[in-house]
Amino acid sequence: MDIRALQKHDLDQLLALYEHLNPADRALPPRPQVDAIWDELLASPRYRYFGGFIGDQLLCSCTLTVIPNLTRGCAPYGLIENVVTHVDHRNKGHGKALLARAVDAAWSDGCYKVMLMTSRKDPAVHAFYRSAGFDGGDKTAYVMRARN
């Protein structure tokens, strides 16, 4: 598997892959709005989208956001989100390799920590993140969602 930063032309595959992340997700806005958001994300040095490919097929992806910080000697921290592997390619090490690449990028950017959260309750998901080196007992996450 080849892991690389996603590019403008990868958007359609990424959106298709996201159907494996949240199958019941709300509909996307009109395509011009989606394209504008994608362009904004790709233009910012703070956001990185990584993808694992076999040939031209996107198998897995995650995002890394590097957040500036005024504590810890002004070292930034990283937040990984939207970790997803196509259902036909799970349990083959692709996701773990992808996370390792994102974490390496965070360390290269001087991050003092990397965090991720999951809403999944499946113990296998938590075991996966622990096996990738994340500590599920280090912090407690609280989430507030917008009311629709």
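## A walk through the sheet and its helices

Start by selecting Gly 52: at a relative accessible area of 0%, this glycine counts as buried, where buried means under 20% relative accessible area, exposed means over 50%, and partly exposed is in between (1.4 Å probe, protein chains only). What you have open is a predicted model, so local features need pLDDT of at least 70, side-chain atom pairs count only at pLDDT 80 or more, and totals for chains, interfaces and linings use all residues. Residues are numbered from 1 along each chain as its sequence is written, and side-chain values use heavy atoms, with hydrogens and water left out.

**Stop 1: around Gly 52**

Gly 52 sits in strand E2; helices (H or I, at least four residues) and strands (E, at least two) are DSSP runs, numbered from the N terminus. Now bring up the contacts of Gly 52, meaning heavy atoms within 4.5 Å. Leaving aside neighbours within four places in sequence, they are Met 1, Asp 2, Ile 3, Gln 57, Leu 58, Leu 59, Cys 60 and Leu 98.

**Stop 2**

Select residues 2–5 for strand E1, which runs antiparallel to E2 and is joined to it by 4 bridges. Ile 3 has Gly 52 as its bridge partner in E2. Next pick residues 57–67, strand E3: 8 bridges join E3 to E2, again antiparallel. Look for Phe 50, which stands opposite Cys 62 in E3. Where the chain turns from E2 to E3, the hairpin has 2 residues between the strands, and Gly 55 takes a positive phi near 65 degrees.

Zoom out and you get an open sheet of 5 strands in the order E1-E2-E3-E4-E5, with mixed pairing; two strands pair if DSSP finds at least two bridges between them. E1 and E5 are at the edges with a single partner strand each, so one side of each has no neighbour in the sheet. From one strand to the next, the twist averages 25 degrees.

While you are here, click Thr 85 in strand E4 (residues 77–85). Thr 85 counts as buried because its relative accessibility is 12%. Leaving aside neighbours within four places in sequence, Thr 85 is in contact with Leu 17, His 20, Leu 59, Cys 60, Arg 90 and Gly 95.

**Stop 3: helix H2**

Select residues 31–43. Helix H2 has 13 residues and reaches 18 Å from its first C-alpha to its last, close to the expected 18 Å, where the expected span is 1.5 Å times one less than the number of residues. Which residues of H2 are buried? Val 34, Trp 38 and Leu 41 are. Looking down the axis of H2, these buried residues fall within an arc of 65 degrees, so they line one face of the helix; the arc is that of the directions from the helix axis to the C-beta atoms. Helix H1 (11–18) and strand E2 (47–54) are among what covers the buried residues of H2.

**Stop 4: helix H3**

Now select residues 94–108. The end C-alpha atoms of H3 are 21 Å apart, which agrees with the 21 Å that its 15 residues should span. The buried residues of H3 are His 94, Gly 95, Leu 98, Leu 99, Ala 102, Val 103, Ala 105 and Ala 106. Down the axis of H3, they fall within an arc of 165 degrees, so they line one face of the helix. Their cover includes E1, E2, E3, E4, strand E5 (114–116) and helix H4 (123–131).

H3 lies across E1, E2, E3, E4 and E5, at about 30 degrees to E3; axes are lines fitted to C-alpha atoms, for helices over the stretch in contact, and angles run from 0 to 180 degrees between N-to-C directions. After H3 comes Gly 110, with a positive phi near 85 degrees.

**Stop 5: the cores**

A nonpolar core is a set of buried Ala, Val, Leu, Ile, Met, Phe, Trp, Tyr and Cys residues joined through side-chain atoms within 4.5 Å. The largest has 19 residues, and Phe 50, Cys 62, Leu 64, Ile 80, Leu 99, Tyr 129 and Phe 134 have the most contacts inside it. H3 gives the most to this core, with 6 residues. Apart from this core lies another, of 13 residues, including Leu 11, Leu 41, Tyr 49 and Leu 58.
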